[in-house]
Amino acid sequence: MTEAFHQHRNLLFAVAYRVLGSAADAEDVVQDAWIKWSAADRSQVADPKAYLALERLRSARHQRETYVGPWLPEPILTTGDSADAVAGADSVSTAMLVVLETLSPLERAVFVLKDVIGFSHAEIAEAVDRSEAAVRQAARRAREHVRARRPRFPADRAKQRAVTERFLAAATGGDVNTLLELLSPDVTLWTDGGGKVRQALRPVVGAETVAGWFAAIGTVTYQGVAPADVVTELTEINGGPGLVFRGPDRVLATVTFDFDAEGRIATLHNVANPDKLGAVAGGTVHGLGPAGTVA
């Protein structure tokens with residue numbers, strides 16, 4: 001029983017994290033799945049994979065109705081160099097998780113289980129207690145919505161990392177001209193402080209405004225930490241290059257990037273809500289496995 005569960009543990013986390021956008025809640029779902037798996041008929045594992053994630057999603061969505069400022073998913077550290085990992089990295093990107101948040105609970109679960117994990121419509125129908133026809137319809141709606149909101153461009157990971165490195169050097173050096181070169185003219189910065197720390201409550205739009213925002217990093221005190229005491233690391237976050245800002249005793253924030261067809265930065269996601277930085281602070285690195293699953 002234990003061996004069978006642990007064979008599916010990574011898959012459970014992969015499903016729950018994409019559905020919920022929270023590493024902490026995903027770990028809770030895995031634990032709930034273990035409890036249910038231990039006590040119930042274990043001939044089918046699809047139930048704890050999908051049913052528990054849906055139940056957790058309903059409560060999470062209720063909590064977000066009163067969220068202060070933009071909501072962004074909890075960042076996680078990732079790594080993956082295989083062809084499968086590169087192909088699947090977008091499914092766990094911050095931008096993709098933001099799009100998935102706009103789907104209905106059923107559509108999001110169906111999309112993750114079908115298009116990301118590779119379950120059949122029949123398997124999903126049994127897991128979510130819907131007819132196969134209803135699942136097919138939900139999958140079609142979700143797929144169309146994702147394609148409209150999340151255009152796909154060829155991903156050159158080496159180029160993305162190089163752009164991120166230049167961005168970091170320009171931001172810490174106050175080089176506005178280089179930042180303007182790296183940013184798309186209509187770039188958007190989303191910041192998530194959750195009402196716990198001071199952040200922009202609306203998206204910051206436009207290359208000049210965003211460039212000015214980041215050029216000030218090396219000159220202003222942030223969350224009570226002087227610029228000289230902030231260490232910035234370039235690492236992989238949610239399947240792509242990202243930045244982690246650390247103070248002497250805690251993680252202050254993360255930044256992830258989305259790129260346009262020309263390789264310029266089109267969107268930045270800045271998470272500073274301390275409640276969402278536990279996974280990064282803990283240092284657990286999730287490997288991107290086959291089909292983009294998260295180990």
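Is Glu 132 buried, partly exposed or exposed? Glu 132 is partly exposed, at a relative accessible area of 36%. The model is predicted. A search of the whole structure turns up 16 salt bridges, and Glu 132 takes part in one with Arg 136.

- Glu 132 and Arg 136 bring their closest N and O atoms to 3.3 Å apart.
- The two residues are 4 apart in helix H8, so about one helical turn separates them.
- Residues three or four places apart point the same way, because an α-helix has 3.6 residues a turn.
- Arg 136 is partly exposed, with a relative accessible area of 45%.

- Asp 115 and Arg 143 form a salt bridge through their side chains, at 2.8 Å from N to O.
- This pair links distant parts of the chain, with Asp 115 in helix H6 (residues 105-116) and Arg 143 in helix H8 (residues 132-149), 28 residues apart.
- Asp 115 is partly exposed at 34%, and Arg 143 is partly exposed at 22%.

**Other salt bridges**
- The side chains of Asp 249 and Arg 250 meet at 3.3 Å, N to O.
- Asp 249 is exposed, at 61% relative accessibility, whereas Arg 250 is partly exposed at 34%.
- A network of salt bridges links Asp 90, Arg 150 and Asp 258.

**Buried side of helix H11**
- Helix H11 (residues 207-215) has Ala 207, Val 210, Ala 211, Phe 214 and Ala 215 buried.
- These residues lie on the same side of H11, because they cover an arc of only 130° around the axis.
- Their packing partners include helix H9 (157-173), helix H10 (176-182) and strand S2 (183-192).
- Strands S3 (204-205), S6 (251-259) and S7 (265-271) also pack against the buried residues of H11.

Key:
Residues are numbered from 1 along each chain as its sequence is written. This is a predicted model: local features need pLDDT of at least 70, side-chain atom pairs count only at pLDDT 80 or more; totals for chains, interfaces and linings use all residues. Side-chain values use heavy atoms; hydrogens and water are left out. Buried means under 20% relative accessible area, exposed over 50%, partly exposed in between (1.4 Å probe, protein chains only). The arc is that of the directions from the helix axis to the C-beta atoms. Contact means heavy atoms within 4.5 Å. A salt bridge is a side-chain nitrogen of Lys or Arg within 4 Å of a carboxyl oxygen of Asp or Glu.
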